[in-house]
Amino acid sequence: MLGMLMEERAKCGNSPPEKERGRALPTRLLFPSLSKGKLLVYVLIVEARRLGRRKRHSSVKADEAAGTAPFHLDLWFYFTLQNWVLDFGRPIAMLVFPLEWFPLNKPSVGDYFHMAYNIITPFLLLQLIERCPRTLPRSLIYVSIITFIMGASIHLVGDSVNHRLIFSGYQNHLSVRENPIIKNLKPETLIDSFELLYYYDEYLGHSMWYIPFFLILFMYFSSCFTPTKAESSMPGAALLLVVPSGLYYWYLVTEGQIFILFIFTSFAMLALVLHQKRKRLFLDSNGLFLFYSFALTLLLVALWVAWLWNDPVLRKKYPGVIYVPEPWAFYTLHVSSQH
């Protein structure tokens, strides 16, 4: 029927302009050769298509505005648990397990923890995206996950070697060239190789690991808004998870040396909250959990920096305006050196 109508319209030749002096011409003047029955069918088809598009458009907007997800207690619990065990627990496990079980020329127990982390964390991030109330750009998600896995894998190798050097006398609170076990290397070009290893571990690996990680969290956070004020609350279990979650992000920010990335993400989240508040949209329970975790992290980082503000040795290793010492540098300087 639509094809017949188009043919009839083509037979009409040059039709008069649809608007004259700001007013639309009657439909009968646009299609003079159509009968009344065909003209009525044509008008009904056009009107039905227009109403259908409007209904789909309005329904999508309503779903995006009103679609909120319940608090993902299981997902956030697994996420926090594996962060503490597989990431924070890696270097601790290397110090606890006997060296005879994992020789220096073989992967350590911490390396196996890191391998598990590189598999489980992307899986949990994908699960988090699947529960997102709003559809996120898939291409950006896939590229971020791939980059995350590559960066974490680069870090796995560099971190494995650097932590193995601790058993040989390497001191984390000193730079590569200032370490006693590195100074006497011959030829001196070997020092450049160790600096390259340090660059892969602390700079390239961390950047490719943490930038997509925080990008995915921010994209998910951008969908955690609800027009209902009553839904902007957290259950008791979520409040209990805020403390270990914020404490882990403190370790991530300080040990990973990503304070600039973290503060930028935090300010972007705050700006988004203020912007959405003008539209009378509020954070749901998942968004509040992320927001409070980041706020607690910011407080802990500030207390950590204030506590070590006058440490001369750490000040020398971390010069510049942004001074955020690493926990493991503090450990090798003030804890392990006393035993």
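Me: Where does Gln 257 lie in this predicted model?
Reply: Gln 257 is placed in the loop between helix H9 (236-256) and helix H10 (259-278).

Me: Why is Gln 257 called partly exposed?
Reply: The relative accessibility of Gln 257 is 34%. Buried requires under 20% and exposed requires over 50%, with partly exposed in between; Gln 257 therefore counts as partly exposed.

Me: What makes the phi of Gln 257 worth noting?
Reply: Phi is positive at Gln 257, about 55°, although this residue is not a glycine. Most residues other than glycine have a negative phi. Arg 280 likewise has a positive phi, near 60°, and is a residue other than glycine.

Me: Where is Arg 280 found, and what makes it exposed?
Reply: Arg 280 lies in the loop between H10 and strand S4 (282-283). Its relative accessibility is 66%, and the threshold for exposed is over 50%, so Arg 280 counts as exposed.

Me: Which peptide bond is cis, and how do you know that?
Reply: The bond joining Lys 186 and Pro 187 is cis, with omega about -5°. Most peptide bonds are trans. Pro 187 itself is found in the loop between helix H7 (180-183) and helix H8 (189-221).

Me: Why is Asp 87 called buried?
Reply: Asp 87, which is located in helix H4 (residues 73-96), has a relative accessibility of 2%.

Me: What makes the pairing of Asp 87 with Tyr 248 a polar contact?
Reply: The side chains of Asp 87 and Tyr 248 are joined at 2.5 Å. The cut-off for a pair of N or O atoms is within 3.5 Å, and the pair therefore qualifies. The side chain of Asp 87 also makes a polar contact with that of Arg 90, at 3.1 Å.

Me: Which residues does Asp 87 touch, beyond those up to four places away in sequence?
Reply: Asp 87 touches Gln 82, Tyr 117, Trp 209, Tyr 248, Tyr 251 and Leu 252.

Me: Why is Leu 156 called buried, and where does it sit?
Reply: Leu 156 is part of helix H6 (residues 138-166). With a relative accessible area of 14% against a limit of under 20%, Leu 156 is buried.

Me: Which residues does Leu 156 touch, not counting those up to four places away in sequence?
Reply: The residues touched by Leu 156 are Asp 111, His 114, Met 115 and Asn 118. Leu 156 and Phe 113 are 43 residues apart in sequence, and their C-alpha atoms are 9.8 Å apart in space.

Me: What makes Tyr 331 partly exposed, and which surface patch includes it?
Reply: Tyr 331, found in helix H13 (residues 327-334), has a relative accessible area of 31%. That value lies between the 20% and 50% limits, so Tyr 331 is partly exposed. Together with Leu 95, Leu 99, Leu 104 and Phe 167, Tyr 331 forms a nonpolar patch on the surface, with about 410 Å² of accessible area together.

Me: Where does UniProt place the feature "transmembrane region", and how helical is the chain over residues 203-221 and 233-251?
Reply: The unreviewed UniProt entry places the feature "transmembrane region" at residues 140-158, 203-221, 233-251, 257-275 and 287-309. Residues 203-221 are 100% helix and 0% strand, with end C-alpha atoms 26 Å apart. Residues 233-251 are 84% helix and 0% strand, with end C-alpha atoms 27 Å apart.

Key:
Residues are numbered from 1 along each chain as its sequence is written. This is a predicted model: local features need pLDDT of at least 70, side-chain atom pairs count only at pLDDT 80 or more; totals for chains, interfaces and linings use all residues. Side-chain values use heavy atoms; hydrogens and water are left out. Helices (H or I, at least four residues) and strands (E, at least two) are DSSP runs, numbered from the N terminus. Buried means under 20% relative accessible area, exposed over 50%, partly exposed in between (1.4 Å probe, protein chains only). Contact means heavy atoms within 4.5 Å. A polar contact is a pair of N or O atoms within 3.5 Å; within protein, one must be able to donate a hydrogen and the other to accept it, and residues adjacent in sequence count only if both atoms are side-chain atoms. Patches are made of residues with over 30% relative accessible area and no salt bridge: like charges are joined within 9 Å, nonpolar side chains (Val, Leu, Ile, Met, Phe, Trp, Tyr) within 5 Å. Accessible areas come from the Shrake-Rupley method with a 1.4 Å probe; for residues, only the protein chains shown count as cover. A salt bridge is a side-chain nitrogen of Lys or Arg within 4 Å of a carboxyl oxygen of Asp or Glu. UniProt positions are given in the numbering used here, feature names are shortened, and annotations may be inferred rather than shown by experiment.
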